[in-house]
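Take a walk through the fold below.

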Amino acid sequence: MAQTLANKIASLVTQVPKAPAVASGKLVRGIGLTLEAIGCSMPVGSQCLVQTIDGEIEAEVVGFADDITYLMPTENVKGIVPGSRVHPLQKESGIPVGNALLGRVIDANGDPLDGLGKIATNKRVPLTTQPINPLLREPIEEPLDVGVRAINSMITVGNGQRMGLFAGSGVGKSVLLGMMTRGTNADIVVVGLVGERGREVKEFIQDILTPEERAKAVVIAAPADTSPLMRLKGCETAVAVAEYFRDQGKNVLLLVDSLTRYAMAQREIALAVGEPPATKGYPPSVFARLPALVERAGRGNKMQGSITAFYTVLTEGDDLQDPIADAARAILDGHIVLSRKLADTGHYPAIDVEASISRVMPNIVDETHMQQSRVIRQVHATYKQNEDLISIGAYTRGTDPKIDLSIAAHDAIKAFYQQGMKQVIPFADSHQAMAALAGGLQQ
């Protein structure tokens, strides 16, 4: 009888669904950006709730050492005390995606910031995905019209290319991004405003995006006053949203402002959990995460669309040899350099054409286009090389025909490179103006 009862109990036990065993813990230390807990059994990247005297705050597991689990709060830390309880947070993973995102402004977690209610979709995607096999990617074969004459003609961008916008602070990166947003004929525009001033979020949406552009755009905002964890996730959320629309066969324009703030957020997190600094204070994990993020953009396979990406890179002190600028230049398909010297003279967009390059331009334009751009570059470079002599009157006209030509053409080339902020110049018009200018220089 006892054996029969034991067998029945064992049979019933096997039918009870097993819940994952996840232990709660308690805080033992809080210093700087991180909280340290013991007794937790949670994997890196999982979410948890920390009890405080003011309520609960969300945090994420960012590392561990022996029995200690390192947590990074996603909001301001206040009200924590020694022994505060840490509980696993059971919630849907990933971020919401779908056409309901169009025209919306969300944070790094995919939650709405625009006060228009919950995102009406049940589809969710993870923040990180498996990379596309490089041999399955379609090649970049056609130019992308960005509506900016200097870029269309001299630094031609391809559909599916990944470009960097290199500049110091206050030189016009955000304005140039807005010009390209208005001028690019993309199906979807995904904008990641990460680590920048909070007021720029509203300005970008209201002043730079028109109502028509807003209807096909998704804005992900993680301003400078958010935690480094949210700034890090802000970039990854923007890329994940762009990947979703690319997988639907759409041609996506991805604008991330800025890649440097992404790297700085990872540096803050890595240093806080004890990773040793390497190059100028940046830990090795920063330089591992940059290419992992950038490589997710680009052309997809034959069944997918493309992601043409522009990443702004803040050059500290206008130093193009800054570690992040140097690393970004090596992994991107080209770079557009904005010059503070040009901006100070009222030259907008302040693109230093001679210092900028598009690595796919020879593959997407014909030889005539390449030759015309080469002629203009050479003439303008000659002027810049002799600018000091010319400005102080030390050069005598007639000494060198090349310098004479550069002086005569200088104003025309400057006017060609400049463009109004609200002005959109199509690719065909840009090419026509370049051909006329190059033709005059060759006569």
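Arg267 sits over the face of Tyr282, 4.3 Å from the ring centre. Bear in mind that this is a predicted model. Tyr282 is buried, because its relative accessibility is 2%, under the 20% cut-off.

The structure holds three aromatic pairs. One of them joins Tyr282 to Phe287. Their geometry is edge-to-face, with 6.2 Å centre to centre and 70 degrees between the planes. Phe287 has a relative accessible area of 26%, so it counts as partly exposed.

Phe416 and Tyr417 form another aromatic pair, and this one is tilted. The centres are 5.8 Å apart and the planes stand at 50 degrees. Phe416 is buried, at 5% relative accessible area. Tyr417 is buried too, at 4% relative accessibility.

Now turn to the helices. H3 spans residues 173-183 and H4 spans residues 198-208. Their axes come within 11 Å and cross at roughly 35 degrees. The crossing of H3 and H4 is right-handed. Which residues of H3 and H4 meet? H3 brings Ser174, Leu177, Gly178, Thr181 and Arg182. H4 brings Glu200, Phe204 and Ile208. By class, the contact of H3 with H4 has three nonpolar, three polar and two charged residues.

Is Ile364 buried or exposed? Ile364 counts as buried because its relative accessibility is 9%. Beyond its neighbours within four places in sequence, Ile364 is in contact with Ile140, Glu141, Glu142, Pro143, Thr156, Val157 and Gly158. Glu75 lies 289 residues from Ile364 along the chain, and their C-alpha atoms are 46 Å apart.

Notes
Residues numbered from 1 in each chain as written. Predicted model: local features only at pLDDT ≥ 70, side-chain atom pairs only at ≥ 80, totals over all residues. Heavy atoms only, no water. Axes fitted to C-alpha atoms, helices over the stretch in contact; angles between N-to-C directions. Helix = DSSP H or I, 4+ residues; strand = E, 2+ residues; numbered from the N terminus. Left-handed = near helix turned anticlockwise from the far one by under 90°. Contact = heavy atoms within 4.5 Å. Nonpolar A, V, L, I, M, F, W, Y, C, P; charged D, E, K, R; others polar. Buried < 20%, exposed > 50% of the residue type's maximum accessible area, 1.4 Å probe, protein only. Phe/Tyr/Trp six-rings, centres within 6.5 Å; stacked < 30°, edge-to-face > 60°. Lys NZ or Arg CZ within 6 Å of the ring centre and 35° of its normal.
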